[in-house]
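Subject: Structure for your review

Dear colleague,

Please find the structure below, together with the sequence. My notes on the aromatic residues and their surroundings follow it.

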Amino acid sequence: MGQKGLKWDMRQLKWSKCKGVSALHCFNWKYNFSLDEKFRLQIPSEVRNSLQDNDNRTFVITKGFHDCLFAFPKSAWESRIASSFPDDLPTEVKYERLQALSSWSVNCVMDSQYRVKIPDELIQFASLERKVTIAGVSDRLEIWNSDSYTKHHQEFVLDPKEIVKDILL
């Protein structure tokens with residue numbers, strides 16, 4: 001048990017260079033965490049230290065895949081948005097997708113104790129409870145209900161050899 005009841009279970013904490021991602025925003029780890037009673041997430045020092053000046057202590061939290069949330073440092077979010085839409089995509093489709101994405105996304109500024117408040121709508125979307133799993137994936141954090149994370153990874157058994165071959169070789 002950590003300070004003030006916060007439970008940390010750091011696993012697989014390591015930093016490495018990610019393919020095509022700024023080294024400053026390269027998250028490659030997972031840990032279990034307990035949100036406080038106001039559903040605030042304390043941002044780990046490893047993540048805080050990777051923020052750039054133009055992030056202004058801000059994360060953009062949005063809906064992700066498989067009922068989890070994505071949390072991007074502000075500069076990583078802006079970079080993703082700027083490069084996310086193919087040039088050949090019709091303008092109307094780009095607008096509709098950007099409008100939907102923007103309506104799901106919230107700028108969350110860290111408070112003086114390095115916590116961000118997760119908005120109620122996003123808590124409901126991801127079925128978050130006090131016990132969450134945070135996974136660092138490339139340039140974002142994924143915020144999961146811990147039971148959902150475990151179930152998801154039990155259902156999708158992947159062959160490490162195939163993943164390494166497909167992604168790293």
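Phe33 is buried, as its relative accessible area is 2%; buried here means under 20% relative accessible area, exposed over 50%, and partly exposed in between, with a 1.4 Å probe and protein chains only. Tyr31 also counts as buried, at 1% relative accessibility. The model is a predicted one, in which local features need pLDDT of at least 70 and side-chain atom pairs count only at pLDDT 80 or more, while totals for chains, interfaces and linings use all residues. Residues are numbered from 1 along each chain as its sequence is written, and side-chain values use heavy atoms, with hydrogens and water left out.

A search of the whole structure gives five aromatic pairs. Because the ring centres of Tyr31 and Phe33 lie 6.1 Å apart and their planes meet at 90°, this pair is edge-to-face. Rings of Phe, Tyr and Trp (its six-membered ring) pair if their centres lie within 6.5 Å; planes under 30 degrees apart count as stacked, over 60 as edge-to-face, and the rest as tilted.

Phe65 and Phe70 form an edge-to-face pair, with 5.9 Å from centre to centre and 85° between the planes. Phe65 counts as exposed, at 58% relative accessibility, whereas Phe70 is buried, at 10%. Together with Phe72 and Trp77, Phe65 and Phe70 form one aromatic cluster.

Phe70 also has a charged neighbour: Arg140 lies over the face of its ring, 4.2 Å from the ring centre. A charge sits over a ring if NZ of Lys or CZ of Arg is within 6 Å of the ring centre and within 35 degrees of the ring normal. Arg140 belongs to strand β9, residues 140-145, and counts as buried, at 11% relative accessibility. The side chains of Arg140 and Glu142 are joined by a polar contact of 3.0 Å (a pair of N or O atoms within 3.5 Å; within protein, one must be able to donate a hydrogen and the other to accept it, and residues adjacent in sequence count only if both atoms are side-chain atoms). Elsewhere, Arg48 lies over the face of Tyr114, at 3.8 Å from the ring centre.

As for the protein chain overall, it has six helices and nine strands; these are DSSP runs numbered from the N terminus, helices being H or I of at least four residues and strands E of at least two. Of its 169 residues, 38% are buried.

Kind regards
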